[in-house]
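Please keep the sequence and the 3D view open while going through them.

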Amino acid sequence: MAFQKACSLDDLWQGEMQVIEISGTEVLLIHTDDGQVCATQAVCPHQEVCLGEGELKGNTLTCKQHLWQFDVVTGKGLNPTHAELAVYPIRVEGDDVFVELEGVEPKYAHS
């Protein structure tokens with residue numbers, strides 16, 4: 001597989017995020033306040049709640065269910081620190097956003 005078009009920047013404004021499906025995989029696209037575009041797994045590794053319904057402040061995403069927090073750029077857990085999100089490689093060409101799915105699997109940390 002190769003990079004696949006996910007959306008255009010007109011569809012994903014700074015400070016926003018949205019869940020999209022690419023080849024049967026749900027991906028959370030994030031456009032941070034500082035202009036960085038990221039792609040992570042769309043479900044919380046805790047109890048598989050949709051992260052698109054969470055709260056984004058800066059680079060910190062908080063799951064609505066149990067308030068687990070993640071850095072959307074690195075995927076690292078902030079609270080708790082043992083949790084982690086899968087991060088998909090992303091490429092922006094002009095106004096188009098492309099995501100690579102191959103070799104990246106969602107992560108889970110049920111605790």
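**Notes on the predicted model**

1. Leaving aside residues up to four places away in sequence, T62 touches G54, E55, L67, W68 and Q69. The C-alpha atoms of T62 and N79 are separated by 9.1 Å, and these two residues are 17 residues apart along the chain.

2. Turning to charged pairs, how many salt bridges does the structure hold? There are six salt bridges in the structure. One of them joins D96 and K5, with the closest N and O atoms 3.1 Å apart. This pair links distant parts of the chain, since D96 belongs to strand β10 (residues 96-99) and K5 to strand β1 (residues 4-8), 91 residues apart. With a relative accessibility of 25%, D96 counts as partly exposed.

3. A further salt bridge is formed between K64 and E53, where the closest N and O atoms are 2.7 Å apart. K64 lies in the loop between β6 (60-62) and β7 (69-71), while E53 lies in the loop between β4 (37-41) and β5 (55-57), so the pair ties together parts that are 11 residues apart in sequence. K64 is partly exposed, having a relative accessible area of 46%, and E53 is likewise partly exposed, with a relative accessible area of 46%.

4. K57 and E55 also form a salt bridge, the closest N and O atoms being 3.4 Å apart. Are these two residues buried or exposed? K57 counts as exposed at 59% relative accessibility, whereas E55 is partly exposed, with a relative accessible area of 43%. Elsewhere, K76, E84 and K107 are linked in a network of salt bridges.

5. The strands that carry D96 and K5 deserve a point of their own. Three strands form an open sheet in the order β1-β10-β9, with antiparallel pairing. Its edge strands are β1 and β9 (90-93), each of which pairs on one side only. From one strand to the next, the twist averages 30°. Strand β1 is mostly covered, as four of its five residues are buried.

6. The pairings within this sheet can be followed residue by residue. β1 and β10 pair in the antiparallel sense over four bridges, and the bridge partner of K5 in β10 is F98. K5 therefore has two partners to look for in β10, namely F98 as its bridge partner and D96 in the salt bridge that links these parts of the chain. β9 and β10 also pair in the antiparallel sense over four bridges, and here the bridge partner of V92 in β10 is V97.

7. Another open sheet is formed by three strands in the order β2-β3-β4, again with antiparallel pairing. Which are its edge strands? They are β2 (16-22) and β4, each pairing on one side only. Neighbouring strands of this sheet are turned by 30° against each other on average, direction ignored. Five bridges join strand β3 (residues 25-31) to β4, and these two strands run antiparallel. In β4, the bridge partner of V27 is Q41.

8. The last point concerns the nonpolar interior. In soluble globular proteins, nonpolar side chains tend to be buried together. The largest nonpolar core here has 17 residues, of which L28, I30, L51 and L61 touch the most other members. L51 touches M17, L28, Q41, A42, V43, C44, L61, C63 and L85, not counting residues up to four places away in sequence. Apart from this core lies another, of 15 residues, which includes I20, I22, L29 and V99.

Technical notes
Residues numbered from 1 in each chain as written. Predicted model: local features only at pLDDT ≥ 70, side-chain atom pairs only at ≥ 80, totals over all residues. Heavy atoms only, no water. Salt bridge = Lys/Arg side-chain N within 4 Å of Asp/Glu carboxyl O. Buried < 20%, exposed > 50% of the residue type's maximum accessible area, 1.4 Å probe, protein only. Pairing = 2+ DSSP bridges. Axes fitted to C-alpha atoms, helices over the stretch in contact; angles between N-to-C directions. Core = buried A, V, L, I, M, F, W, Y, C linked by side-chain atoms within 4.5 Å. Contact = heavy atoms within 4.5 Å.
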